Amino acid sequence: MPGISTKIGHGLAKALGIQLEEPNHGRDAVTRGESIMSTQTSDSFFEGPPTSLEWIIEQIPTREESAAYAKSLFPFLSWITHYNLQWLAGDLVAGITIGAVLVPQGMAYAMLANLEPQFGLYSSFMGVIIYWIFGTSKDISIGPVAVLSTVVGTVVADLRSAGSSYSANEIASALSIIAGCIVLAMGLLRLGWLVDLISITSLSAFMTGSAITIAVSQLPALLGLHGFSNRDAPYKVIINTLKNLPHTKLDAALGLTALFLLYLIRYTLTRAAERWPNRKRIIFFANTMRTVFAILLYTMISWLVNRHRRENPAFGVLGKVPKGFQKVGSPHVDSVLISKFATHLPATVIVMLVEHIAISKSFGRVNNYTIDPSQEMVAIGMTNILGPFLGGYPSTGSFSRTAVNSKAGVRTPAAGIITGVVVLIATYLLTAVFFYIPSASLAAVIIHAVGDLVTPPNTVYQFWRVSPLEVFVFFIGVFVSVFVHIEEGLYATVGLSAAILLFRILKARGRFMGKVRVHSVLGDHVIGADHKQLVGEYGTFTETLENSSRNVFLPLDHGDGSNPEVELENPYPGVFIYRFSEGFNYPNANHSLEYLVDFIKAQTQRTSPEMFDRKGDRPWNNPGPRKTSKSRQTREDQLPTLKAIILDFSSVNNVDITSVQRLIDVRNQLDKYTAPEVVDWHIACINNRWTKRALIAGGFGIPTTPSDGLPLRWRSIFSVAEIGGKDSAAAVAEANALDRDLALRQSRVMDEEMAKDGDASAYESDEAASTGSDEKPSGLAATLRQRRKGAVVSGLDRPLFHIDLTSAVQSAISNVEAREEFRAESMTETS
């Protein structure tokens with residue numbers, strides 16, 4: 001008896017004119033020739049459709065899931081209790097190493113952001129101190145980076161040039177907080193998958209264009225040139241630099257020699273590590289400290305030259321760096337300021353996320369651990385929200401420092417605490433020394449650091465081998481970054497990548513599949529289902545070898561690269577197999593199904609010729625049959641009529657209203673083409689229940705009644721799995737591999753006896769127990785005569801839904817032949 005809510009729902013649906021599906025619609029009764037599994041018993045399986053309430057319940061987190069989510073926000077809880085002295089030793093070495101690299105880099109990158117050097121120290125400290133609490137990567141080093149600093153510098157320069165009254169650090173701090181809030185919200189909502197929308201091509205082009213832009217922007221400082229902006233497009237900066245070469249100063253000597261020294265040290269120590277592998281670790285640390293060594297060397301030279309002329313140094317120096325944290329407090333953020341840099345937020349967030357997560361994923365794969373992109377968003381967001389309270393500006397993961405951190409033997413994210421202590425000591429005790437750091441040597445450090453961000457030619461060549469089209473996207477992104485701006489370069493590559501993806505989806509079409517029988521060959525022998533089962537020697541096609549073959553389905557046009565000499569054929573005249581290649585949704589539904597209809601009409605003929613009472617009744621776009629002599633048949637006359645279509649949904653994850661409606665339209669179109677017959681639509685490899693529900697709503701899954709009203713004899717073929725665990729025939733056969741031939745013979749005999757006995761309704765054999773004889777069979781034969789039980793894999797009420805192509809082809813051919821036999825019998829009885 002239906003409940004009150006069900007009655008109310010049915011009454012409301014009737015009032016609104018909604019046609020509800022009957023509960024037993026499509027469950028055909030058993031008729032002659034059908035599978036015994038169609039008998040509805042207590043063991044019958046009918047798959048119910050998913051419901052909206054069921055989906056809503058699935059989305060509501062359980063108490064355990066809520067607790068797991070809360071714990072995942074603080075990943076340090078999973079490893080902090082296991083911390084030990086060995087981990088501490090590794091973290092100490094790595095933390096001190098990164099601290100020594102981070103201090104000069106932080107001050108240099110702050111200058112890229114149009115900020116004073118101390119703001120780089122503030123950002124460096126907060127990044128490493130916060131990350132270990134929320135981060136999931138042991139290798140990543142978070143702090144000021146060149147690319148993001150350049151983006152921040154652009155924002156500061158644009159607002160200041162527009163006459164904004166806000167100071168540079170106010171702009172940078174507000175940008176950090178707003179971008180951090182956006183990233184934090186994405187992380188809390190677990191939207192880490194959004195980063196996957198940025199392709200490697202876009203990221204590589206952006207990093208390469210940014211590296212070129214940053215390196216070019218440092219040329220004036222490297223050579224001591226003034227009088228023009230280094231924020232212009234790189235090609236303009238190069239032109240202005242060449243024009244002003246006669247005005248180079250002493251800075252050029254320091255800058256060029258520092259840059260040469262950095263590359264010389266790296267080249268020499270890299271070769272030394274290859275020559276003396278036993279001392280590789282010591283050489284690595286020496287190579288890592290090359291930036292520190294160069295800064296100390298040129299700071300010493302600067303001190304010797306300028307110690308008595310601090311007010312008028314011989315070349316550009318960093319200048320006075322305030323001691324300690326001078327900007328502690330609540331940062332200034334208001335709606336007016338936010339509105340001024342709002343257009344720069346997308347680029348800031350993208351750079352902040354993509355670079356960090358790409359680096360952490362890469363080193364996670366190298367060091368055999370997995371990072372959580374969503375939780376990394378939480379870590380980045382918290383760092384950029386809290387950083388401005390100490391005067392910090394936007395920061396994210398650094399590729400160069402992360403590589404150093406990994407090679408230095410870091411063991412846990414707690415190494416960031418050691419790095420923070422090093423930065424803290426430098427902020428309070430070394431600021432007097434920072435005064436003498438030459439600006440040209442800092443420019444050399446920046447150029448040397450960003451050089452590794454340029455995509456090497458070999459990588460571009462590998463891109464070309466994988467996808468030539470995306471190489472053009474790469475170069476377009478680089479050119480736009482160099483000749484316009486790095487933000488526009490990022491938008492260009494992302495937009496082009498999205499356009500290519502959309503085009504591929506829109507123009508995707510499936511492939512028609514052909515059938516061929518194959519054997520699995522190991523050496524000179526054909527093997528069975530088990531690779532240890534040698535059936536016979538290849539080339540001697542006995543009955544046993546034929547039984548070991550199987551059907552495979554390949555594209556008729558060999559578009560997958562299969563051997564063109566392999567002859568493929570349709571499984572049966574008028575039966576077609578169509579496999580979707582790029583899903584089946586509203587963007588590609590029309591294109592995919594138009595190709596299906598055109599191909600089928602080209603390979604078949606109408607079941608009955610079109611008849612019109614008058615010539616004027618024929619549609620203008622229908623030329624009608626070709627006029628030929630009666631003694632000569634056209635190619636169309638020799639083609640089969642359309643009988644069945646098998647759709648392979650193995651690449652289809654979801655469908656939508658548009659795609660299902662388009663499929664309904666094509667079904668109706670082809671039913672007119674085959675009238676008075678109808679086309680059987682078999683669908684194989686459906687991946688989820690919601691897709692089944694949508695197809696059922698469109699009337700698929702059950703046979704269609706012919707338009708001539710003749711009764712339909714349907715043979716339902718189901719896939720049945722044997723169950724029974726260790727007592728099943730499959731398990732017994734595997735355990736007794738040496739007796740497989742005997743097992744096959746015994747199973748054939750047993751199946752014949754089962755058919756004679758007619759015990760079909762329960763689909764089980766209990767011959768050994770029912771004989772009443774005291775004689776018990778021995779060995780494998782006795783085991784196989786034990787009780788066997790089967791279970792239907794898919795629902796009985798949808799006989800046109802199949803688990804694989806083989807069962808779909810079997811069902812299609814069986815029912816086409818049954819229909820032909822039935823019509824032949826009907827014509828015989830009529831005559």
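**View 1. Residue R511 stands opposite R579 of strand β8.** Strand β3 (residues 511-518) and strand β8 (residues 575-579) run antiparallel and are joined by 3 bridges. Strands are DSSP runs (E, at least two residues), helices are DSSP runs (H or I, at least four residues), and both are numbered from the N terminus; two strands pair if DSSP finds at least two bridges between them. The model is predicted, with pLDDT of at least 70 needed for local features and 80 or more for side-chain atom pairs, while totals for chains, interfaces and linings use all residues. Residues are numbered from 1 along each chain as its sequence is written, and side-chain values use heavy atoms, without hydrogens and water.

**View 2. An open sheet is formed by 6 strands.** Their order is β7-β3-β8-β9-β10-β14, with mixed pairing. Strands β7 (550-555) and β14 (801-802) are at the edges with a single partner strand each, so one side of each has no neighbour in the sheet.

**View 3. Helix α5 (residues 117-134) and helix α18 (residues 415-429) have axes that come within 8 Å.** These axes cross at roughly 155°; they are lines fitted to C-alpha atoms, for helices over the stretch in contact, and angles run from 0 to 180 degrees between N-to-C directions. The two helices, α5 and α18, are therefore roughly antiparallel (angles over 145 degrees). In the contact (heavy atoms within 4.5 Å), residues of α5 including F125 and W132 meet residues of α18, among them I417 and L424.

Conventions:
Angles under 35 degrees count as roughly parallel, over 145 as roughly antiparallel, 65 to 115 as roughly perpendicular and the rest as oblique.
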